[in-house]
Amino acid sequence: MLSDQIQANIERELKKYPADQRQSAVMAALRFVQDEKGWIAPEDMADIAAYIGMPQMAVFEVATFYHMYKLKPMGEYTLTVCTNLSCQLSGVNETLLHLKNKLGIGLGEITADGKFGLREGECMGACVDAPMFTINNKKLCGRLTGEKIDQILAELSAGGQGGKQ
Amino acid sequence: MEKIAHFFKSFLLIELLKGMAVTGKHLFSHKITVHYPEEKTPQSFRFRGLHAQRRYANGEERCIGCKLCEAVCPALAIKIEVAERSDGSRRTTQYDIDLTKCIFCGFCEESCPVDAIVETRVLEYHGEKRGDLYYTKPMLLAVGEKHEAQIAKDRASDAKYR
Amino acid sequence: MINIEIDGKRIETENGTTVIEAAHKAGISIPHFCYHKKLSIAANCRMCLVQVEKAPKPLPACATPVTEGMKVFTASEQAVKAQKGVMEFLLVNHPLDCPICDQGGECMLQDMSVGYGGGASRYHEEKRTVLSKDIGPLVSAEEMSRCINCTRCVRFGAEIAGQMEMGQAFRGEHAEIMTFVSGTVNSELSGNMIDLCPVGALTSKPFRYKARSWELSRRRSISAHDSLGTSLAVQTKNNHVLRVLPIENEDINECWLSDKDRFAYEGLNSAERLTKPMIKQDGKWQEVEWQVALEYAANGLRHIANGAGAEQIGALATANSTLEELYLLQKLMRGIGSDNVDFRLRQSDFSADDKQQGTPWLGMPIADISRLDSVLIVGSFLRKDHPLLAARIRQAVKKGAQANIIHSVDDDLLMKVANKTIVAPDALVAALSQVAQALDAEKNGKAQTASAGAVAIAKSLSCGGCVAVLLGNFAQQHPQAAQLQALAQQIAALSNGKFGFIGEAANSVGGYLAHATPGTKGLNAASMLATPRKAYVLLNVEAELDTANPQQAIAAMQSADLVIAMSAYKHHATSYADVLLPIAPFTETSGTFVSTEGRVQSFKGAVKPLGEARPAWKVLRVLGNLLKISGFDQDTSEAVRDEALKGVDVAAKLSNTISAIDTNAVSAAGGLQRVSDVPIYATDAVVRRSAPLQATVDAATPQAWLHSEELKKLGVQVGATVKVSQGQGSVSIAAAADDKLPRGVVRVAAGHAATAALGAMFGTITVERA
């Protein structure tokens, strides 16, 4: 079941669109669920479909189309590392290696305590700050170096608000 | 005058001698016949003889039952039945070639997408009853197993022309 | 009108058409995959690229509307280059497994590749693989790597079938056609996705690896499983039916086919087929020669006619018997001297029989349904009983028509329903008369006294456009069917519309034309079973599944001295019959069906009868000869048909008009009432034996559906087994909740072995904890 908060959020979103275009709110609805639960389970998609009144498969299509919707648990803090050209040239491979060693996980995996998840992403449109990653698709962290990464991770481990959902 | 010429020609057996000369020439020339079966003429690697079904090196039969050979056969000599095998692959349950109908045109091997049905260089086979020349799948596979080395070599020789 | 030029050919076409439509109309072919005339335009395959004068780039013909003076080139250098390029792209990820692909030989991609593709591919990298999916027992999605993502199946589901079960998940190179969380495709029209799929990604599961397309011979036939008269192509090999496909017929089935018609053929070769005549001697069944069996049957009938009297013999046939069979059956019975013959086995109200002016029918051609502005559907499990008619109404609704429903259950019709009134069966007449009352008030400016729901329906029906009232199977089987008919007539008259019956089975109209109904002195199906006869002749009938009251039917059969069962299958009749005569199902005999729109369609047998089975018309003919009844000397089924329809103007005979029926509603009965549908895959003997259809969700074991409040009252949990009883019989089935049902109603399916011990399809029923 969708929580009251999510339902209220969806209702607010629905007001932006004509009454016969309820499916326009599907992307926002998926985002609300992800923000609350950290990822979107098929049951949530079914709930959204029922709530908005569109086919379940259509919700699934949207959720799988966009990379930023997480279809499996990706930890409390999901670090999405850009691996496109600018970041590659600026040494994202070392950044990735550092992250992998530090967290002890590979791409698409989460740490044993469920705190961090690591995934690959596409260009975030801020190549000036390359190499970079985002935290939970909310906060951009650029010009990464080993020390800076350690600092960010330490902050997050300590319960910092870096992109807290 | 003509009569006289004719008389001398017949009297002196000139025509006979001419004929004998041809015979004599061939008597001492290189012979083109061979002593079959002790001697055999050379065969092309495209020779179209007895049919065979091939297997892959791992023992899996090649034929996937696409029935293209059955469809293309101008003599309607091939009969195939297909079913799904337990592993989900498409396999023949029956693959018969009636060699008494076959005209050895080679269309079947030409149409085969997996080189399963081939015509070998074997031309010395026989049947004592009409039914003996009705080759079933196990018989064809047996022919293939026996001659696989030669078949593979022939395919390889032909490959560059394809 | 607009003038355009395609490949130098001047074409006049309507404004708003697309280039591909205009080209096809002019007989110019443009290659395409994703375009389909019945589906929305996606323009995602890019195969139909053509050159248009003044356009800088090639344009997709399927998505480009025509404009005045447009010059299109479908085979210019630019167009050909574009088509060749698209073809190469499509083949990049398409596996080269044509030799084992069931689509091979009838594949659009194969054909287009030969016609428009290059000789060899320049792509040598690894092809992408897509995992296979299990989407149910009918459609195979075993080789999804073959998919070219044209989304025809997705659009078919969303637009024609009304439910989007398939979709394109993920993106770009990872895009896959799949169902939501590996669900199955449960649509009753799902088989059409197989036809629509231009490649071999979606194929028929029962047909998998059965034959290659070029091995099959095609025979035209007519659907025997519903009343639409769908045009079929029965495809056979080695005297076996291996596949059934639709034949395009815009007036009837457009280009679709319901799953029932498509996959029923699997029941034809069931192990239960009766292949030799059998006689029960000393309680044991013995296979005998035809001659022996027929003489036994004839002697038995003669004996009873001479002894107890001919009126002690009754004949029952199902409505999916052919016109010829029904005609000869009634002729045989009347020749013996009995008027007891009927084919309306599930009907319970026959009071309209002497008030009916003609043969009840749809009341309009099927094609007219697409043009309706407002329709009232009374008592119909529309989607399951008439899948293609439902699809037609769905299209009409999409174009703006209003669908109004009066029924006892509220199943999702997968279309927008304008108004609905869901009441218990005994309140159906009252609900309909309310609508009539409201219409009357609406028309004559009187004050509205009817309920709000009825007024809303009345308002919808008095829109002044094309209006129809359609009575479904439930309304026809209803104990007050005649009153419903009279009310429908009244409503149609008040709204200047038409009204009609959506026929239950293939020959629901043909049975009347063949006179397979009792005359004034004869007994109808219900009274024949209520007052047991000494002898019965059954044609295609499974007494416990095909009748309105199985309890009564079985009791009547068991008490009879002689039961002659003509059947294609060895079924439950072995427990009550004395003679079993193997007859041929519709693919093995020639015959005629008269569809619900009154279309007389004859068909020929596609294969030879199995074993010693024979066409029923021949069996009846010989029985007539043995009984020395005159007029049984026809040599062909065509001769029988011509005799049956001699001097009959079918069109003139069709009439739903009914006179003088008291439409006052009867008082409600107490207790729980039964509502029964005949599940979609339980309607006739062939369908019931089709293994793939029986594996579908629609063929699940019947449950007792109640409103959850009713369940609470009974103290029964959902899923718990309950004892459902009617008369002396009872069955134990699972309870299920359906809050859309009216209170005081239990929905229990009929026509299924699990509920065959119950009584009438309507009436009181008790449910208790097991």
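This is a predicted model: local features need pLDDT of at least 70, side-chain atom pairs count only at pLDDT 80 or more; totals for chains, interfaces and linings use all residues.
**Contacts between chains**

There are 2 pairs of chains in contact, and chains A and C share the most contacts. Chain A and chain B are not joined by any contact; the closest C-alpha atoms of these two chains are 29 Å apart.

Chain B does touch chain C: 10 residues of chain B are in contact with 6 residues of chain C. On the chain B side, two elements give two or more residues each, namely helix 3 (68–72) and strand 2 (78–84) of chain B. Strand 2 of chain B gives the most, with 3 residues. By type, the residues on this side of chain B are 7 nonpolar and 3 charged, with no polar ones.

**Chain C as a whole**

Chain C contains 24 helices and 34 strands. Its C-alpha trace spans about 90 × 70 × 60 Å along the principal axes. How does the radius of gyration of chain C agree with that of a compact globule? For 770 residues, a compact globule would have a radius of gyration near 27 Å, and chain C has 28 Å, so the value for chain C agrees with that of a compact globule.

**Two helices of chain C**

Two packed helices are described by the angle between their axes and the distance between the axes. One such pair in chain C is helix 8 (residues 323–336) and helix 20 (residues 637–644), whose axes come within 9 Å and cross at roughly 65°. Helix 8 of chain C is therefore roughly perpendicular to helix 20 of chain C. The crossing of these two helices of chain C is left-handed.

The table lists the residues that make the contact.

| Helix of chain C | Residues in the contact |
|---|---|
| Helix 8 | Leu323(C), Glu324(C), Tyr327(C), Leu328(C) |
| Helix 20 | Ser637(C), Val640(C), Arg641(C), Ala644(C) |

Sorted by type, the residues of the contact between helix 8 and helix 20 of chain C are 5 nonpolar, 1 polar and 2 charged.

**Domains of chain A**

Into which domains is chain A divided? Chain A is divided into domain 1, which covers residues 4–65, and domain 2, which covers residues 77–157. Taken over C-alpha atoms, the centres of domain 1 and domain 2 of chain A are separated by 28 Å.

Notes: Residues are numbered from 1 along each chain as its sequence is written. Chains are lettered from A and ligands numbered from 1 in the order in which they are written. Two residues are in contact if their C-beta atoms, placed from the backbone, lie within 7 Å. Helices (H or I, at least four residues) and strands (E, at least two) are DSSP runs, numbered from the N terminus. Ala, Val, Leu, Ile, Met, Phe, Trp, Tyr, Cys and Pro count as nonpolar, Asp, Glu, Lys and Arg as charged, and the others, Gly among them, as polar. Axes are lines fitted to C-alpha atoms, for helices over the stretch in contact, and angles run from 0 to 180 degrees between N-to-C directions. Angles under 35 degrees count as roughly parallel, over 145 as roughly antiparallel, 65 to 115 as roughly perpendicular and the rest as oblique. A crossing is left-handed if the near helix is turned anticlockwise from the far one by less than a right angle, and right-handed if clockwise. Domain bounds come from an automatic or database domain assignment. The radius of gyration is taken over C-alpha atoms; the globule rule is 2.2 Å times the number of residues to the power 0.38.
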